[in-house]
Amino acid sequence: MAAGNERSMKALKELWKRAENSLCADCGKPDPDWASSTLGVFICLSCSGIHRNIPSISKVKSLKMDYWDDAQVQFLAKHGNAVTKAIYEAHIPIYYYQPTYNDCQVLREQWIRAKYERKEFTEPGKQLPYSDGVKEGILWKRGRDNGQFLPRKFLLSEREGCLKYFTKQDAKEPKINVKIDVINATFQPEKIGNPNGLQITYLKDNKTRNIFVYHESGKEVVDWFNAIRSVQFHYLKVAFPIASDNEIKNRLTRNFLKEGYMEKTGPKQREAFKKRWFTLDHRRLMYFKDPLDAFAKGEVFVGSGENGYSVQKGLPSGTQGNFSWHYGITIVTPDREYLFTCETETDQLEWVRAFTSVINQAMTPQEYASKCLDAVSFPS
């Protein structure tokens, strides 16, 4: 028995070393140390917790701590991440968002359930709840003024190329009607205070408007998210007929590069620094008095280095404004300098890294045309 167990463990380690099994099959996290003995995939600890919630589909075991018998090891050998992915990920729509280990729980859980429990991607042309080109339903929306979440009817239409919401179920006219190509959606469970919290942003008069929603069902809110991506994808395919599918995919919803609190001063650089919530959405740096504000109090365009933009650690010598945080950042633009302070050195380094990643990218013609946003400076 001992010899058999030793043989099984040796075989298991060899399987574990294969390149195809070096990343979690579900989120891509390196060095997964769990596996499903019924699906044959190598997964990380976090994803194994999700698999445990669907025991009729997946039974998980630790590769380090649990006993694996010969039959289970042989099953892993016949499958593994590459074979199993070829089955369960055979027909993923190009617009479907495949989460990584950096994404929130609801996205990762619904991705795993979509693959193995609902088998949404095993057959070509399968009718999916987010692929119809239209979606209608109730989402709980945060009120702009009172902060209360109330049920609101939302309607997404590929034919009309827009997203609408209505304050009443029987309302004929929508409260908003937003073109699909100016919409972004990103999950924000911590900020919204709900595990299924979704932030929908859109441009209105060249300024960003935020809407915060959630649904009690994780599946429903992720279906909404992928329905938005589906409608966007098909809209952009018509608008940019020569663009490749991957080029269009990269223009769909995006996560913010960085969010968090910093202190800021006004354009004269003599005003007291005030604590504000900042969001860096690619080349838009916006600040809010509260993270759940509907509108930014100010925003600035962050261009590329070749166009005169740079970021520096620290503040200019002689900065007069009073500030309580001491890890400074200076954003240099062709027109002026913007001064910020961070609470910790870690925050400072993360913000500098995020700004640098944007500044190091060459500007597209569309971004260059929109650099007039730089004129929308931070008021004092």
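I looked up Y96 and W111 and found both of them buried. I'm working with a predicted model here. The two rings form a tilted aromatic pair, with 5.8 Å from centre to centre and 35° between the planes. Y96 sits in the loop between helix 4 (80-88) and helix 5 (105-117) and W111 in helix 5, so this pair ties together parts 15 residues apart in sequence.

Next I checked Y96 against F121. Their ring centres are 5.0 Å apart and the planes meet at 70°, so I noted this pair as edge-to-face. F121 lies in the loop between helix 5 and strand 4 (134-142), 25 residues from Y96. F121 is buried too, like Y96.

My count for the model came to 20 aromatic pairs.

**Charges over rings.** I found K153 over the face of F166, 4.6 Å from the ring centre. R251 does this with F240, at 4.4 Å from the ring centre.

**Second largest pocket.** I got about 520 Å³ of space for this one. Which residues lie nearest its centre? They are N102, F187, Q188, P189 and E259, out of 16 lining residues. By class I noted 7 nonpolar, 4 polar and 5 charged residues in the lining. Helix 6 gives the largest share, 3 residues. Strand 8 (183-187) and strand 11 (258-264) each supply at least two.

**Record check.** UniProt, in an unreviewed entry, lists residues 6-129 as "domain: Arf-GAP". I found that span to be 41% helix and 6% strand, with its end C-alpha atoms 47 Å apart.

Methods: Residues are numbered from 1 along each chain as its sequence is written. This is a predicted model: local features need pLDDT of at least 70, side-chain atom pairs count only at pLDDT 80 or more; totals for chains, interfaces and linings use all residues. Side-chain values use heavy atoms; hydrogens and water are left out. UniProt positions are given in the numbering used here, feature names are shortened, and annotations may be inferred rather than shown by experiment. Helices (H or I, at least four residues) and strands (E, at least two) are DSSP runs, numbered from the N terminus. On a 1 Å grid over the protein atoms alone, a cavity is a set of points where a 1.4 Å probe fits but cannot get out, and a pocket is an open set with protein on both sides within 12 Å along at least five of seven lines; lining residues have an atom within 4 Å of a point. Grid points are joined across faces, edges and corners, and a volume is the space filled by probe spheres set on the points. Ala, Val, Leu, Ile, Met, Phe, Trp, Tyr, Cys and Pro count as nonpolar, Asp, Glu, Lys and Arg as charged, and the others, Gly among them, as polar. Rings of Phe, Tyr and Trp (its six-membered ring) pair if their centres lie within 6.5 Å; planes under 30 degrees apart count as stacked, over 60 as edge-to-face and the rest as tilted. Buried means under 20% relative accessible area, exposed over 50%, partly exposed in between (1.4 Å probe, protein chains only). A charge sits over a ring if NZ of Lys or CZ of Arg is within 6 Å of the ring centre and within 35 degrees of the ring normal.
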